[in-house]
Amino acid sequence: MSVASPYNPNFIIDNLERCMCFDCYKSFIVGEDLSKGIKLSCPYCKSDNVERVACTTDDRPVDLGCVGITYTKGEENQ
Ligand SMILES: [Zn+2]
């Protein structure tokens, strides 16, 4: 579930998913809600041979070994 940060409502706190590209074997992270329903492709080689391999959940927010990652929606620097 994504929510606005209590400290800065421009930052969206979301569960994160780590995706692996099975063509170039690099990984990348996407926001769960932000990427829902979107066909993902690798940001490095543009392959669509990617799979979600790990994720955080509302109960376990730090399973990726990182904290404090947020994203903004819409225009930046509003
Ligand atoms: Zn790739």
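The following questions and answers examine how the terms applied to this predicted model rest on their definitions.

The model is predicted: local features need pLDDT of at least 70, side-chain atom pairs count only at pLDDT 80 or more, and totals for chains, interfaces and linings use all residues. Residues are numbered from 1 along each chain as its sequence is written.

Q: What makes up the secondary structure of the protein, and in which order do the elements run?
A: Helices (H or I, at least four residues) and strands (E, at least two) are DSSP runs, numbered from the N terminus. On that basis the protein has 1 helix and 5 strands, and the elements run β-β-β-β-α-β from the N terminus on.

Q: Why are β3 and β4 said to pair?
A: Two strands pair if DSSP finds at least two bridges between them. Strand β3 (residues 16-21) and strand β4 (residues 27-31) are joined over 5 bridges in the antiparallel sense, so they meet the criterion. Among the partners in β4, Ser 27 is bridged to Met 20, and Gly 31 is bridged to Leu 16.

Q: What is the strand order of the open sheet, and which strands are its edges?
A: The open sheet consists of 3 strands in the order β4-β3-β5, with antiparallel pairing. Its edge strands are β4 and β5, because each pairs on one side only. Neighbouring strands of this sheet are turned by 35 degrees against each other on average, direction ignored. For such angles, axes are lines fitted to C-alpha atoms, for helices over the stretch in contact, and angles run from 0 to 180 degrees between N-to-C directions.

Q: Why is Cys 19 called buried?
A: A residue is buried if 20 or more other C-beta atoms lie within 10 Å of its own, exposed if 12 or fewer, and partly exposed in between, with C-beta atoms placed from the backbone. Cys 19 has 20 C-beta neighbours inside 10 Å and therefore counts as buried. The residue is placed in strand β3.

Q: What makes Tyr 25 and Lys 46 exposed, and where do they lie?
A: Tyr 25 has 10 other C-beta atoms within 10 Å and is therefore exposed; Lys 46 is exposed because it likewise has 10 other C-beta atoms within 10 Å. Tyr 25 lies in the loop between β3 and β4, which form a hairpin with 5 residues between them. Lys 46 is placed in the loop between α1 (32-35) and β5. Neither is a glycine, yet phi is positive in Tyr 25 at about 60 degrees and in Lys 46 at about 70 degrees.

Q: Which residues form the largest nonpolar core, and what makes such a set a core?
A: A nonpolar core is a set of buried Ala, Val, Leu, Ile, Met, Phe, Trp, Tyr and Cys residues joined through C-beta atoms within 7 Å. The largest one has 5 residues, namely Cys 19, Cys 21, Val 30, Cys 42 and Val 50. Buried residues make up 12% of the 78 residues in the protein.
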